[in-house]
Amino acid sequence: MTHILAIDQGTTSSRAIVFDAGMRPVATAQQEFTQHFPASGWVEHDPDEIWDTTLATMREAAQGRDITAIGITNQRETTLVWDRATGKPVHNAIVWQDRRTSELCSELKAAGHEALVTARTGLLLDPYFSATKLAWILDNVEGVRARAEAGELAFGTVDSFLIWRLTGGAAHVTDATNAARTMLYDIHRGEWDEDICALLNIPMGMLPEVRDCAADFGVTEVLGAPVPILGVAGDQQAATIGQACFAPGMMKSTYGTGCFALINTGETPVTSTNRLLTTIAYQLDGKTTYALEGSIFIAGAVVQWLRDGLGIIEDAAQTGAMAAEAEPELTLVPAFVGLGAPYWDAECRGAIYGLTRGSGPNEFARAALESVGFQTLDLLEAMQGDMGAGDGAALRVDGGMTASDWTMQFLADITGATVDRPTVLETTALGVAWLAGMRAGVYPDQAGFAATWALDRTFTPAMDKPTRATRVATWKDAVKRTLSAG
């Protein structure tokens, strides 16, 4: 029987999911890996641990099954540099959450470079993206710049690194969605940008070849027989595809470590006036479809903080019942690594307001879950401002946090939007599995795939307008007090 293997290499774990000929998940393997925090605001991963956990989960999930093709989806913006001869990394991977280059970004803004960056890449000058992370490695790891200029080193996001390893160094490639998140790629011309590379003193020979999301990315033999890699997309774009958001105006929001809302804008890139990002939703058959994206750095990670940082829960599943027992007295702004859209404040840090002697674990759990809804509201309001969407429109949701009915109901209540949860929550893996399966000729075309999307449950707004207005005002006041310039 035909099977497609999806690699879902995320921020806190590596997973492999096998889908059958009917696009149903039939096997899953997952391994967490170590988060490294060398300094305040710094986040790193060991590239070899990323590789080892990816390889182990691939082999576990694929065991005894005939794999026709592989798709890869990955944490975006995370930056790796490795030796072309040996495949050995020159430094830990610098994770998308890492804020070590905030000073460099501020200097570039002050010098007037942000307008060029935004016009070419659709992005803002922020430490979130790969470009300044790569510049930091070149400038701060001994001997790396000379080796890079000599052509000895390769740069890539996680997909590129995995493909390099999977193909034994035969392929140094990426897809358009991952390239679009580096802050080095002109999303209008579909090329690496010479001016931005020169601005950051990045040798262009380090950069991978950019291909469509469904394309030939090389062949791997790590499963014992040759298997082609036929689909690649950054995790949020893969989720957009998995949610079948193929029509302009369709929105999805994914709740993983962070939260990312995307709205399809069709063939036309929309320039945001509300500090959202203009990005590539997907690229098929050489045709680019664009999106507006709002990025929240801390979503599921705030629940992980309740567990690992505060020790007040043992499992994420506990939080919904705890929240239901609490009064809405606390407001948590989870700016642990700064705030993303629409604020883009790399310097602010998390804060909690409204503490009393009666504040306990239940209240903290409620405030943590509510913070995700409030941050999503900020994104939808920005989308509405840019293109008249996001107010009352249906929002398709996915990711681990969507399993919490309490969280999804609060999301509907506070945003005023209808929230649609699909039957398949693994939409990120499904999206990239469809890309690979469609390329292999075993899955349906775009229209056929969209027809398979199925609804599990709709959450409709139930909070009265005065209560909602009061809660929203409290949130916005808390954010204002948390911002570094506030």
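Biologist: Which residue in β2 does A6 stand opposite?

Modeller: This is a predicted model, so read every value as computed from it. Strand β1 (residues 3-9) and strand β2 (residues 13-19) run antiparallel, joined by 6 bridges. In that pairing, A6 stands opposite I17.

Biologist: Which are the edge strands of the open sheet?

Modeller: The sheet has 6 strands with mixed pairing, in the order β3-β2-β1-β5-β14-β13. An edge strand pairs on one side only. That describes β3 (25-32) and β13 (219-220).

Biologist: What angle does the direction of helix α9 make with that of β14?

Modeller: Helix α9 (residues 235-242) packs on the sheet. It touches β5 (67-74) and β14 (227-234). Its direction and that of β14 make about 95 degrees.

Biologist: M23 is not a glycine, so what is its phi?

Modeller: M23 sits in the loop between β2 and β3. Its relative accessibility is 9%, and under 20% means buried, so M23 counts as buried. Its phi is positive, at about 65 degrees.

Biologist: Is R275, which also has a positive phi, buried or partly exposed?

Modeller: R275 is in the loop between β16 and β17 (277-284). Its phi is near 60 degrees, and R275 is not a glycine. At 32% relative accessibility it lies between the 20% and 50% cut-offs, so R275 counts as partly exposed.

Biologist: Why is strand β15 described as largely enclosed by the rest of the structure?

Modeller: Look at its two faces. M251, S253 and Y255 are buried on one side. K252 and T254 are buried on the other. β15 (residues 251-255) is largely enclosed because its buried residues number 5 of the 5.

Biologist: How many residues does the hairpin from β15 to β16 pass through?

Modeller: β15 pairs with strand β16 (residues 259-266) in the antiparallel sense, over 5 bridges. Within that pairing, S253 stands opposite A261. The hairpin that joins β15 to β16 passes through 3 residues.

Biologist: What is the bridge partner of T254 in β21?

Modeller: β15 also pairs with strand β21 (residues 395-398). Those strands run parallel, with 3 bridges between them. The partner of T254 there is D398.

Biologist: How many residues apart are R120 and D193?

Modeller: Their side chains meet in a salt bridge, 2.7 Å from N to O. This pair links distant parts of the chain: R120 is in helix α3 (residues 114-121), and D193 is in the loop between β11 (191-192) and α8 (194-199). The separation is 73 residues.

Biologist: Which helix holds K476, the salt-bridge partner of D378?

Modeller: The closest N and O atoms of D378 and K476 are 3.4 Å apart. D378 is in helix α12 (residues 361-387), 98 residues from K476. D378 is buried at 4% relative accessibility, while K476 is partly exposed at 33%. The helix that holds K476 is α16 (residues 465-482).

Biologist: How far does α12 reach from its first C-alpha to its last?

Modeller: α12 has 27 residues. Of these, 21 are buried, so the helix is largely enclosed by the rest of the structure. At 1.5 Å a residue, the expected reach is 39 Å. The model is close to that, at 40 Å.

Terms used:
Residues are numbered from 1 along each chain as its sequence is written. This is a predicted model: local features need pLDDT of at least 70, side-chain atom pairs count only at pLDDT 80 or more; totals for chains, interfaces and linings use all residues. Side-chain values use heavy atoms; hydrogens and water are left out. A salt bridge is a side-chain nitrogen of Lys or Arg within 4 Å of a carboxyl oxygen of Asp or Glu. Helices (H or I, at least four residues) and strands (E, at least two) are DSSP runs, numbered from the N terminus. Buried means under 20% relative accessible area, exposed over 50%, partly exposed in between (1.4 Å probe, protein chains only). The expected span of a helix is 1.5 Å times one less than its number of residues. Two strands pair if DSSP finds at least two bridges between them. Contact means heavy atoms within 4.5 Å. Axes are lines fitted to C-alpha atoms, for helices over the stretch in contact, and angles run from 0 to 180 degrees between N-to-C directions.
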